[in-house]
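Please read the following walk through a structure with the model open beside you, taking one feature at a time.

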Amino acid sequence: MKKISLENELKSNAYPGRGIVIGKTPNGKYAVTAYFIMGRSENSRNRVFVEDGEGIRTQAFDPSKLSDPSLIIYAPVRVLGNKTIVTNGDQTDTIYERMDSQQTFEQALRTREFEPDAPNYTPRISGILHVENGTYNYAMSILKSSHGNPDSCQRYTFAYSDPLAGEGHFIHTYMCDGDPLPSFEGEPKLVELVDDMDAFTDMLWQSLNADNKVSLFVRYIDLETGKYTSKIVNKNH
């Protein structure tokens with residue numbers, strides 16, 4: 001698979017929806033993850049990311065304008081020991097609770113499927129980073145309808161052991177804008193990463209469509225110590 005520019009990928013797509021990036025910095029020192037949300041409706045755009053323990057959650061920027069919290073208010077990032085969970089919905093909690101009960105990432109997600117938001121049937125995308133004593137692996141998942149037909153759920157898991165420095169993978173909910181929105185297809189895209197977290201955050205935020213972007217979260221985790229640094233960028237502030 002050819003490594004692509006994440007900047008170009010985002011700039012060329014006005015509506016990738018929600019996206020997860022996971023990988024390792026070129027210097028080999030940090031595990032990287034990023035999660036962004038976008039929105040077309042007032043309800044979707046009326047959100048911010050806020051810190052919540054070691055993770056984050058979404059909340060309404062203007063509570064008086066919140067019309068339906070069901071699919072937009074959730075915890076995208078939670079930490080379970082040496083595992084960092086990143087998802088685009090309340091399946092974060094499913095993964096956290098079931099892995100805490102000794103089930104696997106895949107087992108947890110077998111209890112879930114795509115979102116019930118006809119006609120889009122938005123895919124549930126999830127990622128997990130496992131950092132322990134200098135070792136690192138990660139996995140990504142997508143649960144999607146069968147070509148827009150909700151009668152069948154397609155489940156894909158992609159696992160990356162000993163990821164190479166400078167490489168990451170990017171998965172998002174929609175191929176592009178549309179009505180209904182077409183679900184992501186194929187395996188996560190191989191993208192290039194950078195050592196500088198501030199530069200990476202700025203690149204991501206500037207590359208997302210100005211009208212549709214809502215919030216961005218970036219975290220760099222030190223592979224030796226497990227300590228992390230995070231950044232949140234909200235359009236509403």
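Pro-119 lies in the loop between α4 (105-109) and β7 (124-132), where helices (H or I, at least four residues) and strands (E, at least two) are DSSP runs numbered from the N terminus. The peptide bond that leads from Ala-118 to Pro-119 is cis, with omega near 0°. A cis peptide bond also joins Asp-179 and Pro-180, with omega about 0°, and Pro-180 is found in the loop between β10 (167-172) and β11 (189-192).

This is a predicted model, in which local features need pLDDT of at least 70 and side-chain atom pairs count only at pLDDT 80 or more, while totals for chains, interfaces and linings use all residues. Residues are numbered from 1 along each chain as its sequence is written, and side-chain values use heavy atoms, with hydrogens and water left out.

Two further loop residues have a positive phi. Gln-102, which is not a glycine, has a phi of about 75° and is placed in the loop between α3 (91-100) and α4; its relative accessibility is 70%, so Gln-102 counts as exposed (exposed means over 50% relative accessible area, buried under 20%, and partly exposed in between, with a 1.4 Å probe and protein chains only). His-147 has a phi near 55°, is found in the loop between β8 (135-146) and β9 (149-161), and is exposed because its relative accessible area is 76%.

Turning to the aromatic rings, a search of the whole structure finds 8 aromatic pairs, a pair being rings of Phe, Tyr or Trp (its six-membered ring) whose centres lie within 6.5 Å, counted as stacked when the planes are under 30 degrees apart, edge-to-face when over 60, and tilted otherwise. The rings of Tyr-35 and Phe-49 are stacked, because their centres are 5.9 Å apart and their planes lie at 20°. This pair links distant parts of the chain, with Tyr-35 in strand β2 (residues 30-38) and Phe-49 in strand β3 (residues 47-52), 14 residues apart, and both Tyr-35 and Phe-49 are buried. The rings of Phe-114 and Tyr-121, with centres 5.7 Å apart and planes at 80°, are therefore edge-to-face, and these two residues are buried as well. Tyr-30, Phe-200 and Tyr-220 form one aromatic cluster.

Finally, consider the cysteines. With a disulfide taken as a pair of cysteine sulfur atoms within 2.5 Å, the count comes to 0 disulfides. Cys-153 counts as partly exposed because its relative accessibility is 21%, and Cys-176, at 34%, therefore counts as partly exposed too.
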